[in-house]
Amino acid sequence: MVLGISARWYMDHPRISLTLLFISWKALLLLIAWTSPHPGYDTSTTLLTHLISQRSGDEYVSPSFRQVLANQLTRWDAIYFTNIAHRGALFEQEWAFGWGYTKIISTFGPCKWFYQARLFAWVKADVCGVVLFDSHADLVEMAIAGIFVSNTAHLLSVLVLFEMSKLVAARPLSHSSIGLAWISASLHILSPAGLFLSAPYAESSFSFLNFVGFGLYALNLQAHNDSRPGLRDTLALVSGLVFGLATTFRSNGLLSGLLFCFDIVNSILPLRSDAQAQRIIADLRRVSFLIIAGSLMAVVSFFPQFLAYQEYCVEGEPEHWAAWCTHRIPSIYTWVQSHYWNVGLFRYWTLSNAPLFMLATPMLLILILSADCLFPPNSSSSRLTGQRAKSSHTPIGEGWMSPIGKEVGQRLAVLQLLLAVLAFTSYHVQIVTRISSGYPLWYWWLASKIMNKKHISLAGYNIPTKGVVGWMVTYALLQAGLFAAFLPPA
């Protein structure tokens with residue numbers, strides 16, 4: 001039995017069982033959020049969405065279901081996301097929040113848009129909760145739209161991860177492969193990101209786009225190995241576009257651009273002056289398309305920066321421009337993160353933040369340990385984490401990854417390590433529990449441990465995988481109650 005579902009049934013109906021698990025888990029998190037005391041420690045949400053119970057003469061009007069739901073899930077950064085989606089970015093600091101995500105919400109947010117376009121003729125205004133000419137109602141619509149987008153994107157990312165996991169597994173069509181993919185996708189459902197993947201936050205949308213990008217990238221490598229250059233180059237370009245879109249939701253998506261750098265170096269290094277002309281032309285073609293794919297990602301990534309530059313740094317005299325306009329790299333995002341949110345190297349290293357480092361430690365260790373298993377057993381990374389192989393012939397990836405999976409996995413391991421280092425040294429460290437949700441390698445690693453009933457070795461100690469999954473579930477459940485009450489960590 002796995003999570004109460006018979007092994008035979010979930011193997012025969014993996015997508016249905018994942019969807020049922022998803023719905024059950026979301027229902028539990030939303031129940032916790034619903035029953036959490038409201039309006040919460042901070043009443044900012046009530047100011048935005050007008051959710052304080054109203055009185056009309058002697059008549060008491062209680063908030064509707066959708067108002068309470070919007071109130072309980074519109075916390076912390078979600079206030080910025082919904083407000084920006086409602087009326088655009090008015091203040092400089094608001095450019096730190098995912099431009100792509102706010103555009104998605106603002107496009108699909110107003111329920112009256114669906115109604116007026118007659119896409120769903122059966123939808124009535126009272127069902128949508130549309131109150132024309134009421135700005136507060138519009139904000140509630142934006143919050144509900146954000147909740148819908150986040151949950152839909154999370155479910156889609158679960159299904160994409162399931163399919164991608166089968167691609168990288170050692171025996172793609174076997175029951176063990178489906179089991180590994182199912183457990184990996186289940187772990188993504190139970191991610192310690194918890195309610196952040198349901199609230200109006202960009203994490204679940206980023207995970208979906210990042211997983212799609214990784215999947216296309218893996219297929220691109222497979223096409224390269226199968227000597228199908230046309231398909232390979234097309235997949236590289238599309239993956240670059242998708243990765244670029246992902247960065248408009250979360251900036252840490254820029255790390256994915258390193259994948260193209262790895263492949264460019266791998267294509268250039270083998271080139272020799274005495275190589276056959278046909279081989280040189282083929283490699284140069286490969287490099288050219290990788291450069292185009294990386295450039296496509298960069299153009300999409302920096303488009304919001306261009307819009308901000310046009311708004312703050314073009315009109316008027318330079319002395320009246322924003323402070324960041326004259327920087328060597330005039331990026332509003334880096335300026336806002338540094339100036340308003342105090343993001344930077346070692347800036348978060350204060351005694352008052354020590355509890356947040358403790359909360360982030362389990363996830364940081366998971367990222368590091370799961371990345372370590374993809375490096376050769378005698379590497380410095382393996383020695384640092386105490387993962388010593390019994391022999392030099394221990395396979396990279398512990399034998400649970402296919403050859404193409406190992407190629408992808410080793411590249412993703414580098415991204416994970418960089419993410420962990422940046423989170424530890426420069427980010428608000430506690431966010432690593434939610435931004436890690438968009439990286440598949442650690443799900444695969446933990447799923448393989450569960451499948452093979454292996455412990456996790458750390459500095460000579462054996463940690464049971466049940467303990468890790470238990471931590472994930474416990475953290476997500478506790479965090480759901482704290483988030484809905486507007487309490488840290490966020």
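The structure is a predicted model. The chain holds 21 helices and four strands, and 50% of its 490 residues count as buried. Among contacts between residues at least 6 apart in sequence, 75% join residues at least 24 apart.

**Packing of α2 with α10**

- Helix α2 spans residues 14-35 and helix α10 spans residues 175-189; their axes lie 10 Å apart, at an angle of about 20°.
- An angle under 35 degrees counts as roughly parallel, so α2 is roughly parallel to α10.
- The two helices, α2 and α10, cross in a right-handed sense.
- On the α2 side, the contact is made by Pro14, Ser17, Leu18, Leu21, Phe22 and Trp25.
- On the α10 side, the contributing residues are Ile178, Trp182, Ala185, Ser186 and Ile189.
- By class, the residues of this contact between α2 and α10 comprise nine nonpolar and two polar, with no charged ones.

**Packing of α11 with α18**

- Helix α11 (residues 203-225) and helix α18 (residues 403-425) cross at roughly 135°, and their axes come within 9 Å.
- That angle makes α11 oblique to α18.
- The crossing of α11 and α18 is right-handed.
- From α11, the contact draws on Phe214, Tyr217, Ala218, Leu221, Gln222 and Asn225.
- From α18, the contact draws on Ile404, Glu407, Val408, Arg411, Leu412 and Leu415.
- The residues where α11 meets α18 divide into eight nonpolar, two polar and two charged.

**Salt bridges: overview**

- Side chains of opposite charge can pair when their charged atoms come close.
- The whole structure contains eleven salt bridges.
- Arg15, Glu163 and Lys166 are joined in a network of such bridges.

**Salt bridge between arginine 15 and glutamate 163**

- The side chains of arginine 15 and glutamate 163 form a salt bridge with an N to O distance of 2.8 Å.
- Arginine 15 belongs to helix α2 and glutamate 163 to helix α9 (residues 135-168), so the pair ties together parts that are 148 residues apart in sequence.
- Arginine 15 has a relative accessible area of 40% and is partly exposed.
- Glutamate 163 is also partly exposed, at 35% relative accessibility.

**Salt bridge between glutamate 203 and arginine 434**

- In the salt bridge of glutamate 203 with arginine 434, the closest N and O atoms are 2.6 Å apart.
- This pair links distant parts of the chain, 231 residues apart: glutamate 203 is in helix α11, and arginine 434 is in helix α19 (residues 432-435).
- Glutamate 203 and arginine 434 are both buried.

**Salt bridge between arginine 279 and aspartate 283**

- Arginine 279 and aspartate 283 form a salt bridge whose closest N and O atoms are 2.8 Å apart.
- Both residues, aspartate 283 and arginine 279, lie in helix α14 (residues 277-312), with a spacing of four residues, about one turn of the helix.
- An α-helix has 3.6 residues a turn, so residues three or four places apart point the same way.
- Aspartate 283 has a relative accessible area of 11%; buried means under 20%, so aspartate 283 counts as buried.
- Arginine 279, by contrast, is partly exposed, with a relative accessible area of 45%.

**Burial of serine 157**

- Serine 157 is located in helix α9.
- Its relative accessible area is 0%, so serine 157 is buried.
- With neighbours within four places in sequence left aside, serine 157 is in contact with His188, Ser207, Phe208 and Phe211.

**Burial of helix α20**

- Helix α20 covers residues 441-451 and is mostly covered, with nine of its eleven residues buried.
- The buried residues of α20 are Leu441, Trp442, Tyr443, Trp444, Trp445, Leu446, Ala447, Ser448 and Lys449.
- After α20 comes lysine 453, which has a positive phi, near 55°.

Definitions and conventions: Residues numbered from 1 in each chain as written. Predicted model: local features only at pLDDT ≥ 70, side-chain atom pairs only at ≥ 80, totals over all residues. Heavy atoms only, no water. Axes fitted to C-alpha atoms, helices over the stretch in contact; angles between N-to-C directions. Parallel < 35°, antiparallel > 145°, perpendicular 65-115°, else oblique. Left-handed = near helix turned anticlockwise from the far one by under 90°. Contact = heavy atoms within 4.5 Å. Nonpolar A, V, L, I, M, F, W, Y, C, P; charged D, E, K, R; others polar. Salt bridge = Lys/Arg side-chain N within 4 Å of Asp/Glu carboxyl O. Buried < 20%, exposed > 50% of the residue type's maximum accessible area, 1.4 Å probe, protein only.
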